[in-house]
Amino acid sequence: MSCGARKLKKILSVSAIASIIAVLDYITKKLVETHVHPSEIIDVLPFLRIVNVKNTGAAFGMFSSLSNRIFIALTVIAIILILIYLSRSLKKLEIISLSFILGGAIGNLIDRVNIGKVIDFIDFFVNDWHWPAFNVADSSLTVGIILFIWTNIIHREHHNETQINADDK
């Protein structure tokens, strides 16, 4: 496959994954906004509920005192940095992980631009302990970050093993 064809395949793959995540996030949030009142709780499983929460902060409601404009600016900067990194990335799992991060960032950015906060609706809990409510974009960000770190740790370990073997010769 030529270099141009590989670049096109990468662009299409990243666009498809990020778009699917952002659209799925948007649709699920719209469904929650339309069908779940802010004080309503819908039991799904013994450890999972659907709620309708507005988050003005970052992950888990942290930094909620900061301006929405700051979160928008940071998200746009993160998206630009991801796109730059993607233009140089060659590892398939790294490209997939960054696509998940990009899709999640875009999904939450849409909320911040449209309503000034992020809609969270997944409430995971054990007994009285509740994980902070989250959404599809947050899940995508989490999976993408974990996969990115794991991919780079595996790559580093493989690179170190290769280097050690080369030094032994």
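Is Phe124 buried, partly exposed or exposed? With a relative accessible area of 32%, Phe124 is partly exposed, where buried means under 20% relative accessible area, exposed over 50%, and partly exposed in between (1.4 Å probe, protein chains only). The model is predicted: local features need pLDDT of at least 70, side-chain atom pairs count only at pLDDT 80 or more, and totals for chains, interfaces and linings use all residues. Residues are numbered from 1 along each chain as its sequence is written, and side-chain values use heavy atoms, without hydrogens and water.

Phe47 is likewise partly exposed, at 38% relative accessibility. The ring centres of Phe47 and Phe124 are 5.9 Å apart and their planes stand at 70°, so the pair is edge-to-face (centres within 6.5 Å; planes over 60 degrees apart). Phe47 belongs to the loop between strand S1 (42-45) and strand S2 (48-55), and Phe124 to strand S3 (residues 118-126), so the pair ties together parts 77 residues apart in sequence; strands are DSSP runs of E, at least two residues, numbered from the N terminus.

Charged side chains also meet rings. Arg49 lies over the face of Phe125, 4.5 Å from the ring centre, and the charged end of Arg112 sits over the ring of Phe71, at 4.3 Å from its centre (CZ of Arg within 6 Å of the ring centre and within 35 degrees of the ring normal).

Technical notes:
Rings of Phe, Tyr and Trp (its six-membered ring) pair if their centres lie within 6.5 Å; planes under 30 degrees apart count as stacked, over 60 as edge-to-face and the rest as tilted. Helices (H or I, at least four residues) and strands (E, at least two) are DSSP runs, numbered from the N terminus.
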